[in-house]
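Please look at the sequence and the structure first.

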Amino acid sequence: MTMYRSWIQAFCLLALAAMLPFQEGVEFLFCLIMAGLITWKVSAFAGTPPVRMPMTSAPANDTFTRHFPLTVSAACTSQYAAILSPGDDYEQPVPDSLSPCWKYEPDTLAARLVPEPGGCGVYVQECRIGDVPAELFSLACSWLEDNRIISSSVSFYGGPYRKYQGDAVVDCHSPWDVQMNLTIRKKNHTV
C-alpha cells in the first residue's frame, strides 16, 4: 500500500510540474528532477519504521509514584485565589459556548508536606491547601522522616465557573479536586 502511495505522489508532482508555465526548458527539467528526488525520498522512508525515542520522564527503578486526593476544607479553598491563575474567559464568557469558563485555570504546582499535630498539612508557597487523608498520614510521615520524598506537586481542578444558560450567564461551582503527586525513593535504596 505504501508503494502505491509513493507512486501516486510522484504522479501528482509530475502532473503539477507539467502544468506550471515555463520560460525555458531548463526550468521544466529542474522541476522534473526535484519531483524525482522528492519521490525517491518518500519511497525510501516509506518502508522504514519510525525511530523510537527513549522516554526521559519515566521514573527511575529506585523510585515509585503515589497519587491521592487531598482532604480540603473551606478554609483551605479560600487560599486558592492567592496561588492559582485566573481564567481568561471567566469575566466575559463566550456566547453560545458549551464549555464552562473556569474562574481559576487548572494547574499543577510544587508542594511540600508538613507534619502537624493530628495530621499532615500540604502547602503550596505559604498557603495551606489541604491535608493528607487520615489513612495515609502515618505512611506520609514515615516518608518524610526517612527523607524518601524526591518531588511533590499538587494538581488543582474545579471551583467556580460560569456558563451560558439560554441568554443569561449563570454562576456555578464544581467541588474542588486536589490531587497530590509524590515521587518516592524505594525503601531498600541507600543515599
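Arg128 and Glu116 form a salt bridge through their side chains, with N and O 2.6 Å apart. A salt bridge here is a side-chain nitrogen of Lys or Arg within 4 Å of a carboxyl oxygen of Asp or Glu. The pair connects distant parts of the chain, since Arg128 belongs to strand β6 and Glu116 to strand β4, twelve residues apart. Helices (H or I, at least four residues) and strands (E, at least two) are DSSP runs, numbered from the N terminus.

The model is predicted: local features need pLDDT of at least 70 and side-chain atom pairs count only at pLDDT 80 or more, while totals for chains, interfaces and linings use all residues. Residues are numbered from 1 along each chain as its sequence is written, and side-chain values use heavy atoms, with hydrogens and water left out.

## Salt bridges

The structure has five salt bridges. Glu126 and Arg112 make one of them, with their closest N and O atoms 3.5 Å apart. Glu126 sits in the loop between β5 (119-124) and β6 (127-131) and Arg112 in strand β4 (residues 112-116), so this pair ties together parts that are 14 residues apart in sequence. Arg128 also forms a salt bridge with Asp131. Elsewhere, a network of salt bridges links Glu91, Arg162 and Asp171.

| Pair | N to O distance |
|---|---|
| Arg128 and Glu116 | 2.6 Å |
| Arg128 and Asp131 | 2.0 Å |
| Glu126 and Arg112 | 3.5 Å |

How open to the surroundings are these side chains? Residues are called buried under 20% relative accessible area, exposed over 50% and partly exposed in between (1.4 Å probe, protein chains only). Glu126 is exposed, at 66% relative accessibility. Arg112 is partly exposed at 36%, and Arg128 is partly exposed at 28%.

## Strands β5 and β6

Strands β5 and β6 run antiparallel and are joined by four bridges; two strands pair if DSSP finds at least two bridges between them. Asp131, in β6, is the bridge partner of Gly121. The hairpin of β5 and β6 has two residues between the strands, and Gln125 there takes a positive phi near 55 degrees.

## The chain as a whole

The protein chain contains five helices and eight strands. Along the sequence they follow the pattern α-α-β-α-α-β-β-β-β-β-α-β-β. The chain has 191 residues, of which 29% count as buried. Its accessible surface is about 13100 Å², and carbon and sulfur atoms account for 60% of that; these areas come from the Shrake-Rupley method with a 1.4 Å probe, and for residues only the protein chains shown count as cover. Among contacts with a separation of 6 or more, 63% are between residues 24 or more positions apart. Contact means heavy atoms within 4.5 Å.

## The nonpolar core

In soluble globular proteins, nonpolar side chains tend to be buried together. A nonpolar core is a set of buried Ala, Val, Leu, Ile, Met, Phe, Trp, Tyr and Cys residues joined through side-chain atoms within 4.5 Å. The largest one here has 27 residues, and Leu113, Val122, Ile129, Val154, Phe156 and Met180 touch the most other members. At least two residues of this core come from each of α4 (80-83), β5, β6, α5 (137-145), β7 (149-165) and β8 (168-185). The most come from β8, which gives five residues.

Which residues does Phe156 contact, leaving aside its neighbours within four places in sequence? Among them are Tyr80, Ile83, Leu84, Ile129 and Trp176.

## Aromatic rings

The structure holds five aromatic pairs. Rings of Phe, Tyr and Trp (its six-membered ring) pair if their centres lie within 6.5 Å; planes under 30 degrees apart count as stacked, over 60 as edge-to-face and the rest as tilted. The rings of Tyr80 and Trp176 have centres 4.8 Å apart and planes at 85 degrees, so they are edge-to-face. Tyr80 lies in helix α4 and Trp176 in strand β8, 96 residues apart.

Tyr104 and Trp176 have ring centres 6.2 Å apart and planes at 35 degrees, so this pair is tilted. Tyr104 lies in the loop between β2 (101-102) and β3 (107-110), 72 residues from Trp176. Tyr80 is buried, Tyr104 is buried with a relative accessible area of 14%, and Trp176 is buried at 16%. Ring pairs join Tyr80, Tyr104, Phe156 and Trp176 into a cluster.
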